[in-house]
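Work through the exercises below with the structure in view. Try each task before you read its solution.

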Amino acid sequence: MLQNQAPHPSQSGPRQDPLDADELVRLAKSQSLADGGVRTSEILADALARDSRHHEAQVLQERLHQMFVPRWHFPMLADRARNQAYARAIAAKLRPGDVVLDIGCGAGLTAMLAARAGAKHVYTCEQQPLIAQAAERVIAANGLSSRITVLPKWSHDIVIGEDMPEPADVVISEIVDTVLLGEGALATLTHAMAVLAKPEARAVPEQGTLLAQPVESRGLLDLWRPQEAEGFDLSAFHRFARVAQLTPNDLAACRLKPLAAPAGLFRFDFARPTLDPARVARELACTEAGTIHAVCASFEMQLAPGILVANGLQSGGHWGRTAYLLDQPVAAAAGDRLRVTAQHDAAQLSLSIDGLTPRAADAEPAALWMTRGWTGAPPVLARGGAEAPAGAAWAPPKAAPPEGGAQPYH
């Protein structure tokens, strides 16, 4: 409890009178957030213990939690398919006596799965202090504090011999976004596998593949590029909406119709990752006729042999999707090919849509502009695009190498 030091008239010495809720809220508002909100959270909890209906304390606490605990944690923890896949993969990969490094502790679920699977000890790191504190409570409530150590720091700051007595036999992570790269998985895992893990350490997930496919969805354009509102033309605003980030609810509402099977762009080896950038040109072959509104990017992750998680159009789960909108919709026939150029660095994906490959009998690219709203728009012209260097792009999976062997994909 926080207390002040104001003297009481009946005492010769100071008396510690507890601060009331209003005073505690004022104190909370004066705190620095450099500690990740820990002290502010404690003060606000104290204020609400004094007055559970205190309006400003409730509002500030919720604002603090939203600031430091991303909302995606909750649907992720409720994603049963994802949880079951990780449970199966961790049980399959762990061996008796393994030391485990779990990167991105969150609520502590994957760390507890590793302890349940027989790990000698699990070291799980979480750089957000509020989340790290909560994970310690979750782990304690499940009776696993003696087998799991929460390290409240970024994995790059872990020191072998200080934070962990020895390098890890297994590295577990779930630090990917809708296109695998946005949470810095490659940089984090490149460091972890080289510095914090034994030479032949295993990884969960093992690898990930980025895919792309053309889709038809009038609802997607209605949501992200409305042509008009109350009779006013809004098209000049559309240049700000080239990449659509879709929630699972958006995906259901927009009803994206695939016009081709997903085609591979890049494959990443998470057990032996690199930070090399790559670029590849692809032709996405339409399997049926339709109007191409966007190219949807998705991923598949192999957690362990035969155990996959994915965020494709037919996949459920908590992950969102990323759609790259065409400048103008394109009418495509079955067999038409949409040319795209994809590039990635260590943390980002970009995708350019270059237009339809001309048919042999056509002098112009086979692109027809649909709906009155798009009439008169200039055709999409091919910008070209050099092929990716050999070995840099995705290729059909080869036979699995021996355990611990590197796969030469970026």
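## Exercise 1: a parallel sheet

Start from one pair. Valine 170 stands opposite arginine 202 in S5. The model is a predicted one.

**Task.** Find how strands S4 and S5 pair, and over how many bridges.

**Solution.** 
- Step 1. Locate strand S4 at residues 168-173.
- Step 2. Follow S4 alongside S5: the two pair in the parallel sense over four bridges.
- Step 3. Widen the view. An open sheet of five strands has the order S3-S2-S1-S4-S5, with parallel pairing.
- Step 4. Look at the edges, which are strand S3 (148-151) and strand S5 (197-204). Each of these pairs on one side only.
- Step 5. Place the helix. H5 (residues 80-93) lies across S4 and S5. Its direction is at about 150° to S5.

## Exercise 2: one serine

**Task.** Decide whether serine 173 is buried or exposed. Then list what serine 173 touches, not counting residues up to four places away in sequence.

**Solution.** 
- Step 1. Take its relative accessible area, which is 4%.
- Step 2. Compare with the cut-off: buried means under 20%. Serine 173 is therefore buried.
- Step 3. List the contacts beyond four places in sequence: Tyr86, Ile103, Leu189, Val204 and Pro205.

## Exercise 3: salt bridges

**Task.** How many salt bridges does a search of the whole structure find? Examine three of them, and say how exposed the partners are where a value is given.

**Solution.** 
- Step 1. Take the total. The search finds 15 salt bridges.
- Step 2. Begin with glutamate 62 and arginine 71, whose closest N and O atoms are 3.7 Å apart. Glutamate 62 has 37% relative accessibility and counts as partly exposed. Arginine 71, at 35%, is partly exposed.
- Step 3. Go on to lysine 198 and glutamate 166, where the closest N and O atoms are 3.0 Å apart. This pair links distant parts of the chain, 32 residues apart. Lysine 198 is in strand S5, and glutamate 166 is in the loop between S3 and S4. Lysine 198 is partly exposed at 26%. Glutamate 166 is partly exposed at 24%.
- Step 4. Turn to glutamate 200 and arginine 272, with closest N and O atoms 3.9 Å apart. They are 72 residues apart and link distant parts of the chain. Glutamate 200 is in strand S5. Arginine 272 is in the loop between strand S11 (263-269) and strand S12 (278-285). The cut-off for exposed is over 50%. Glutamate 200 has 52% relative accessibility, so it counts as exposed.
- Step 5. Join the shared partners: salt bridges link Lys120, Glu166, Asp169 and Lys198 into one network.

## Exercise 4: an enclosed strand

**Task.** Why is strand S15 largely enclosed by the rest of the structure? Name two strands that pair with S15.

**Solution.** 
- Step 1. Count along S15, residues 321-332. Eleven of its twelve residues are buried, so the strand is largely enclosed.
- Step 2. Take strand S9 (residues 243-246). S9 and S15 pair in the antiparallel sense over four bridges. Here glutamine 245 has threonine 322 as its bridge partner.
- Step 3. Take S13. Seven bridges join S13 to S15, and the two run antiparallel. Here isoleucine 292 has valine 330 as its bridge partner.

## Exercise 5: the nonpolar cores

**Task.** Which residues have the most contacts inside the largest nonpolar core? Which strand gives that core its largest share?

**Solution.** 
- Step 1. Take the core of 79 residues, the largest one. Leu210 and Met301 have the most contacts inside this core.
- Step 2. Find the main contributor: strand S13 (residues 290-304) supplies seven residues, the largest share.
- Step 3. Separate the other core. It has 13 residues, among them Leu221, Leu251, Ala294 and Leu313.
- Step 4. Inspect leucine 210, leaving aside neighbours within four places in sequence. Its contacts include Val179, Leu181, Phe266, Phe299 and Leu349.

Methods
Residues numbered from 1 in each chain as written. Predicted model: local features only at pLDDT ≥ 70, side-chain atom pairs only at ≥ 80, totals over all residues. Heavy atoms only, no water. Pairing = 2+ DSSP bridges. Contact = heavy atoms within 4.5 Å. Axes fitted to C-alpha atoms, helices over the stretch in contact; angles between N-to-C directions. Buried < 20%, exposed > 50% of the residue type's maximum accessible area, 1.4 Å probe, protein only. Core = buried A, V, L, I, M, F, W, Y, C linked by side-chain atoms within 4.5 Å. Salt bridge = Lys/Arg side-chain N within 4 Å of Asp/Glu carboxyl O.
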